[in-house]
Amino acid sequence: MPSMKTEAVPMIAARDIRKHFHGTEVLKGVSLDIGKGEVIAVIGPSGSGKSTFLRCLNHLETIDAGSIVIEGETLVETDAAGHCRYAPEAEARRICRKMGMVFQQFNLFPHLTVLQNVIEAPLTVKGLSRDAIVPRAEELLRKVGLLAKCGAYPSQLSGGQKQRVAIARALAMEPDIMLFDEPTSALDPELTGEVLRTMRQLAEEHMTMLVVTHEMSFARDVSTEVIFMDHGEIVEARPAGEMFADPRHPRTRAFLDHML
Amino acid sequence: MDYFFQILGPLLDGTAVTLQVFLLTLVLAVPLGLALALVRVSHFRTAAGLVGGYIWLMRGTPLMLQMLFIYFALPFVPVIGVRLPDFPAAIVAFTLNYAAYFAEIFRSGIQSVGRGQYEAARVLGMSYGQTMRRIILPQVVKRILPPMSNETITLVKDTSLIYVLAMNDLLRAARGIVQRDFTTMPFVVAAAFYLIMTLVLTWGFMRLEKRYAVYED
């Protein structure tokens, strides 16, 4: 008797994602469901494919096989014959807009001020008026503690400030899901705290988040689930508390011993 | 001194011709160069290849030869054959030639903008066109100012090549007076005129660079 319980549609449903670069298979069939409000930390050694997986979800990389469904809308699927088919370009762009992304290297627009960085996409992509978006942008900048830097250019900011602007810029598009690709890895150690605090605040507001990170304390304290990836596959996926207290797989154990 | 004012008239007339060729070429060749560069960096392989061939042709043959071809040989080419008066012929040749150089400057500028900028625009939902217009090209302007300054200064002096179509630009006007009066004074005055024009250009580009210095990449 199948369960009659109505399952909520996952925010992201990724099935059997495969991806290779120049003959090397970097993702060997990765599947993951992310529910609303979940904060998932993806950890693993460098070269394990975790960043590539994240970049596949919002179409920065093209997958070879598998399917990705975002809030019930199909970004890409693979038919029985093995042909991988993406939604048409404009459609794919619309689907991917449900996800905001924060990069390791910030990628702020250097020719625009902090405020202009935040309002650029709402203006050009959503076609909102300045009057409509500026108050909201200022609210977001206040939230990340950078309202005073409104008129500054990115080159005048510290790394931590840049990353907080990048978070505000992503939030300005009102995404349902936030993807973070090693958001603190390019920062001086003393600057990671301010970025992690902002992310923690987002998690407390029940933003759905997928975070590729080397910050074990963030994974342990903030995430609802931790995923350990190695050699292009998910080795172990467990609630954060369990994962750190009692890693089951020897590879997970070895990695955590090394990191903690 | 009287002699100076006497030759000033013809030399200023020549300067007017020089400036016309310079300004018209600039106004036409910069947008054409940008369009060529955008095709060159696009994913349309065939079109990009054709533009590559065009740039090779235009940079690989002398501007003077191109000008002579358009003025003297083009009328006899089947189908596209058209007889142009001297001034339009010069403008067409200069525009086609300089667009090729400008295209390469734009291309290098576009390709110097990192992949991260495209990715950031993409994850914010921007299309390729929006990304180019709002994110990439505004950054390109700052990066290409020094080579553009170089190229436009070269253009001022290259305008003297139109003498082969018997047009009275600044240099040809000066040479005419030198041969008539057996004095080198017109050459000195012409040199001063060229220097003033390039000085204005240099100053203009310096102002632009200062304006774009408000941000760093």
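Two strands count as paired if DSSP finds at least two bridges between them, the strands (E, at least two residues) and helices (H or I, at least four) being DSSP runs numbered from the N terminus. The model is predicted, so that local features need pLDDT of at least 70 and side-chain atom pairs count only at pLDDT 80 or more, whereas totals for chains, interfaces and linings use all residues. Residues are numbered from 1 along each chain as its sequence is written, and chains are lettered from A and ligands numbered from 1 in the order in which they are written.

**View 1. Strands E8 and E9 of chain A run parallel.** Strand E8 (residues 177-181) is joined to strand E9 (residues 208-212) by five bridges, and A:Asp181 has A:Val212 in E9(A) as its bridge partner.

**View 2. An open sheet of six strands in chain A has mixed pairing.** The strands follow the order E7-E8-E9-E3-E10-E11. Because strand E7 (99-102) and strand E11 (233-239) of chain A stand at the edges with a single partner strand each, one side of each is left without a neighbour in the sheet. From one strand to the next the twist averages 15°, where axes are lines fitted to C-alpha atoms, for helices over the stretch in contact, and angles run from 0 to 180 degrees between N-to-C directions.

**View 3. Five strands of chain A form an open antiparallel sheet.** Here the order is E2-E1-E4-E5-E6, and the edge strands, E2 (24-34) and E6 (84-86), each pair on one side only. The twist in this sheet averages 20° from one strand to the next. Strand E5 (residues 73-78) runs antiparallel to E6(A) and is joined to it by three bridges, and the bridge partner of A:Val76 in E6(A) is A:Tyr86.

**View 4. Chain B meets chain A through 19 residues from chain B and 18 residues from chain A.** On the side of chain B that touches chain A, helix H5 (115-123) and helix H6 (128-158) of chain B each supply at least two residues, and H5(B) gives the most, with six residues.

Methods
Two residues are in contact if their C-beta atoms, placed from the backbone, lie within 7 Å.
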